[in-house]
Amino acid sequence: MTARTQYINPGKLGARRQSRLTKWLMFALFVCLAIVFIFPLYWMVISSLRPEGRIFVDAMEIIPSALSLDTYRRLFEEEPYGVWFVNSITQTGGYALMGVFLCTTGGYALAKFRFRYRNLLFVLILVSQMIPFHLLIVSLFLMIIQMGMAETYQGAIVPLAASPIGIFFMRQYMLAIDDEMLNAARVDGASEYQIFWHIVLPNARPAIATLLILFCIDYWNNLLWPLIVFRNPDNFPLAVGIKRLIDQYRQQYDLTMAGSTLATVPVIILFFFLRRQIMQGLATTGTGIK
Amino acid sequence: MLTGAKRGKLWLRIRRNWQLYALLFLPLVWLVVFRYAPMYGAQIAFRDYSPAFGIEGSPWVGLANFERFFNSYYFKPVIVNTLIISFYSLLAGFPIPIILALSVNQVKMRLFRNSVQMITYAPHFISTVVIVGMLFQFLHPRVGFIASLANLFGMTPPNLMGDPGAFAHIFVWSGVWQEMGFGAIIYLAVLSTIDPALHEAAVVDGASRLQRIRYIDIPGLLPTAMVLLVLSTGRVLEVAFEKVYLMQSPLNLGVAEVINTYVYRVGLLSPILDFSYSTAIGLLKGVVGLLLLITVNYAARRLTDNGLW
């Protein structure tokens with residue numbers, strides 16, 4: 001690299017001056033980018049922290065002169081926000097565990113067993129990903145009603161749980177697991193169950209973690225399907241609850257902003273700490289789960 | 001005898017591999033029940049569905065539901081709105097991630113690269129509801145940031161969310177804000193696979209930075225870009241439902257009603273739920289989308305030798 005720089009700029013001084021200028025330019029660009037991307041989030045947080053009576057007066061201040069947690073108190077007292085939060089955690093957890101279970105078993109079977117029609121099956125699984133969800137909505141909704149799952153957690157999570165892309169992702173990962181290892185275990189008399197539990201799962205741990213995270217984010221942010229399934233506010237997950245806040249408080253966004261802040265913070269924290277797993281998942285599936 | 005032995009073998013195979021079938025069983029049942037079976041239910045597009053008769057008991061009406069949509073007052077505005085919003089999104093949303101990836105790729109400092117990537121793709125993980133809530137608040141004529149900015153310069157703050165003319169711009173550019181970093185990930189991955197020797201040779205030959213981008217990086221990205229372009233053109237009728245739906249208000253419905261929200265409104269929201277009608281529109285959209293995908297892919301193949309298949 002040094003050799004290259006010297007080749008373009010034979011004068012050492014010139015090179016150094018240019019690189020310093022580029023550095024400053026890049027730094028300025030970076031600050032602009034950071035402002036554009038972080039400021040809206042900052043605005044959301046401070047809007048939720050403005051004291052109630054002063055929301056119109058203080059709206060002009062970019063750095064607020066007074067902060068208050070009052071909005072958050074109202075959020076929990078006047079709206080069932082706590083219930084929504086718990087609903088979101090329960091539903092997201094259930095969805096992610098169920099989805100990961102289905103994708104792991106399916107992916108393993110497709111990757112490590114040879115059987116007739118395997119490729120056909122694999123294609124059929126991938127094709128089902130291409131069916132637009134909007135085409136299925138009405139039939140799915142009718143089905144949920146028939147199964148007696150309307151207005152239940154099961155109704156919200158079960159129909160979404162088997163993700164074709166998730167199965168594809170697990171299969172790709174499982175392909176890399178060494179067959180020798182599995183065969184050695186079989187020779188030693190391990191049952192298929194033991195092999196799956198003690199060899200396959202530990203080896204696939206990174207992929208499982210990635211999938212789990214992506215599924216969690218997916219459901220946490222999902223609005224459409226829960227919006228259809230639930231009518232009773234006591235069953236809402238957060239996304240549907242926040243939609244209700246937006247509809248109810250059209251002129252005053254403090255509650256909406258407080259609700260949004262609390263719903264976004266867990267995702268951002270998760271994203272920040274687990275970005276490597278998330279990136280790995282995205283690189284493998286190309287466009288992410290869903 | 002032979003068949004008996006064969007049958008015995010088959011039985012033995014199933015018994016020996018029952019674990020395999022156990023593993024496969026659940027995911028398959030799931031996909032059949034929740035992905036393929038609803039397709040069967042989509043036949044109500046050709047029937048006059050009523051809950052009393054069920055899917056198979058409702059009378060066939062042929063293409064009546066489709067004709068109703070074509071003759072409907074909403075047909076034209078809904079199609080026009082869908083096309084405007086999605087082509088605008090494509091026009092802005094397609095090149096920007098490529099530009100971002102090309103510029104980030106120029107930077108050699110690891111810390112800088114990683115922070116830019118992290119900051120730009122974090123918004124992807126924010127829920128659509130939250131994004132729209134933020135838009136409402138941010139652009140609000142009294143409490144929003146736009147309001148404070150306008151006041152600072154002594155102007156009357158505009159009511160952007162209520163302005164039908166601003167709807168498409170707000171929709172598209174907030175989408176670009178949210179997705180550009182995420183979209184750049186895949187291009188950066190492709191750029192990292194380009195052989196550095198190419199760049200070194202170009203530098204020796206005296207190529208400038210821009211020339212190297214033009215003649216090395218962009219051709220390297222082209223196949224991926226074409227595939228993504230074909231895919232997004234195939235989805236041109238699938239305007240992001242959640243976001244449009246949340247951004248709609250009586251003030252902007254004239255420009256904000258798209259196919260997906262219309263399907264939802266007539267099928268699941270209106271006082272008389274019209275399942276058949278909304279399924280028909282959904283089916284029509286799916287078929288047109290598929291045809292578009294095939295056409296665009298064909299064109300892409302002919303023009304650039306790159307495509308989905």
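Start where the two chains meet: select 67 residues of chain A and 62 residues of chain B, and you have their contact (two residues are in contact if their C-beta atoms, placed from the backbone, lie within 7 Å). On the chain A side, helix α2 (residues 12-49) gives the largest share, 10 residues. Helices here are DSSP runs of H or I with at least four residues, strands are E runs of at least two, and both are numbered from the N terminus. Colour that chain A side by class and you get 52 nonpolar, 11 polar and 4 charged residues. Ala, Val, Leu, Ile, Met, Phe, Trp, Tyr, Cys and Pro count as nonpolar, Asp, Glu, Lys and Arg as charged, and the others, Gly among them, as polar.

A quick note before moving on: this is a predicted model, where local features need pLDDT of at least 70 and side-chain atom pairs count only at pLDDT 80 or more, while totals for chains, interfaces and linings use all residues. Residues are numbered from 1 along each chain as its sequence is written, and chains are lettered from A and ligands numbered from 1 in the order in which they are written.

Buried means 20 or more other C-beta atoms within 10 Å of a residue's own, exposed means 12 or fewer, and partly exposed lies in between, with C-beta atoms placed from the backbone.

Next, bring chain B back and look for the largest nonpolar core, with 130 residues. Such a core is a set of buried Ala, Val, Leu, Ile, Met, Phe, Trp, Tyr and Cys residues joined through C-beta atoms within 7 Å. Helix α5 (residues 81-112) of chain A supplies the largest share of this core, 11 residues. Among the members that touch the most others are Met170(A), Ile242(A) and Val132(B). Click Ile242(A): leaving aside neighbours within four places in sequence, its contacts include Thr256(A), Ala263(A), Val129(B) and Gly133(B).

Last stop: helix α7 (residues 110-121) of chain B. Which of its residues are buried? Val116(B), Gln117(B), Thr120(B) and Tyr121(B) are. Look down the axis of α7(B): the buried residues fall within an arc of 105°, so they line one face of the helix (the arc is that of the directions from the helix axis to the C-beta atoms). Then turn to the other side of α7(B), where Leu111(B) and Asn114(B) are exposed.
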